[in-house]
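Subject: Structure handover

Hi,

Here is the structure we talked about. Please open it first, then read the notes below.

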Amino acid sequence: MGTPSLQREYIDSASEYGWKYVLVDANWDRDWPNYEQEIQALVDYGKAKDPPVHIWLWYNSGGPHNEITESPRDRMHESPARRREFELISSWGVVGVKVCSLSIYSRRRNRYSCVYIGGFLACG
């Protein structure tokens with residue numbers, strides 16, 4: 001995942017190559033003490049690029065069905081929590097999420113189960 005500074009480098013590269021999106025990977029809520037301000041600053045930084053680059057955030061599907069420690073978790077497995085989180089991060093300017101879990105079954109096969117959601121407010 002890295003630091004906000006490294007994420008800005010990713011945004012620079014994405015814009016240079018004409019890519020529309022950059023993912024801020026797992027543990028951003030845990031590793032960045034002021035993550036709300038950092039994410040908003042990345043959103044603004046990406047919007048200022050030509051072409052602009054938009055931010056997606058990584059989430060653990062969480063809940064009682066998985067033991068994976070990466071965070072944020074417990075924000076996507078139930079609809080009310082998911083709606084609150086989508087409303088919050090959309091207010092920051094985030095445009096999408098990548099929701100992953102690594103279940104016990106798929107862990108044996110070393111495969112992630114991921115859902116990519118853009119325009120997430122409609123998904124609640």
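**Helix H1**

Helix H1 runs over residues 4-17, which is 14 residues. At 1.5 Å a residue it should span 20 Å, and its end C-alpha atoms are 20 Å apart, so the two agree. Keep in mind that this is a predicted model.

Which residues of H1 are buried? They are Pro4, Gln7, Ile11, Ala14 and Ser15. These residues cover an arc of only 95 degrees around the axis, so they sit on the same side of H1. An α-helix has 3.6 residues a turn, so residues three or four places apart point the same way.

What do the buried residues of H1 pack against? Their partners are strand S1 (21-24), helix H3 (35-47) and strand S2 (54-60). Now look at the face of H1 turned away from the buried side. There you will find the exposed residues Glu16 and Tyr17. Just after H1 comes Gly18, with a positive phi of about 80 degrees.

**A close look at Ile11**

Ile11 belongs to helix H1. Its relative accessibility is 0%, and buried means under 20%, so Ile11 counts as buried. Leaving out residues up to four places away in sequence, Ile11 touches Val22, Leu42, Tyr45, Gly46, Lys49, Val53 and Ile55. Take Val22 from that list. Ile11 and Val22 are 11 residues apart along the chain, and their C-alpha atoms are separated by 6.4 Å.

**H1 against H3**

Two packed helices are described by the angle between their axes and the distance between the axes. For H1 and H3, the angle is about 20 degrees and the axes are 10 Å apart. Angles under 35 degrees count as roughly parallel, so H1 is roughly parallel to H3. Their crossing is right-handed. On the H1 side, Pro4, Gln7, Arg8, Ile11 and Asp12 make the contact. On the H3 side, Glu38, Leu42, Tyr45 and Gly46 do.

**Helix H4**

Helix H4 covers residues 79-92 and has 14 residues. From first C-alpha to last it reaches 20 Å, close to the 20 Å expected at 1.5 Å a residue. Ala81, Arg82, Glu85, Phe86, Ile89 and Trp92 are buried in H4. They cover an arc of only 130 degrees around the axis, which puts them on the same side of H4. The face turned away from that buried side carries exposed Pro80, Arg84, Glu87 and Ser91. Gly93 follows H4, and its phi is positive, near 100 degrees.

Best wishes

Key:
Residues numbered from 1 in each chain as written. Predicted model: local features only at pLDDT ≥ 70, side-chain atom pairs only at ≥ 80, totals over all residues. Heavy atoms only, no water. Helix = DSSP H or I, 4+ residues; strand = E, 2+ residues; numbered from the N terminus. Expected span 1.5 Å × (residues − 1). Buried < 20%, exposed > 50% of the residue type's maximum accessible area, 1.4 Å probe, protein only. Arc of directions from axis to C-beta. Contact = heavy atoms within 4.5 Å. Axes fitted to C-alpha atoms, helices over the stretch in contact; angles between N-to-C directions. Parallel < 35°, antiparallel > 145°, perpendicular 65-115°, else oblique. Left-handed = near helix turned anticlockwise from the far one by under 90°.
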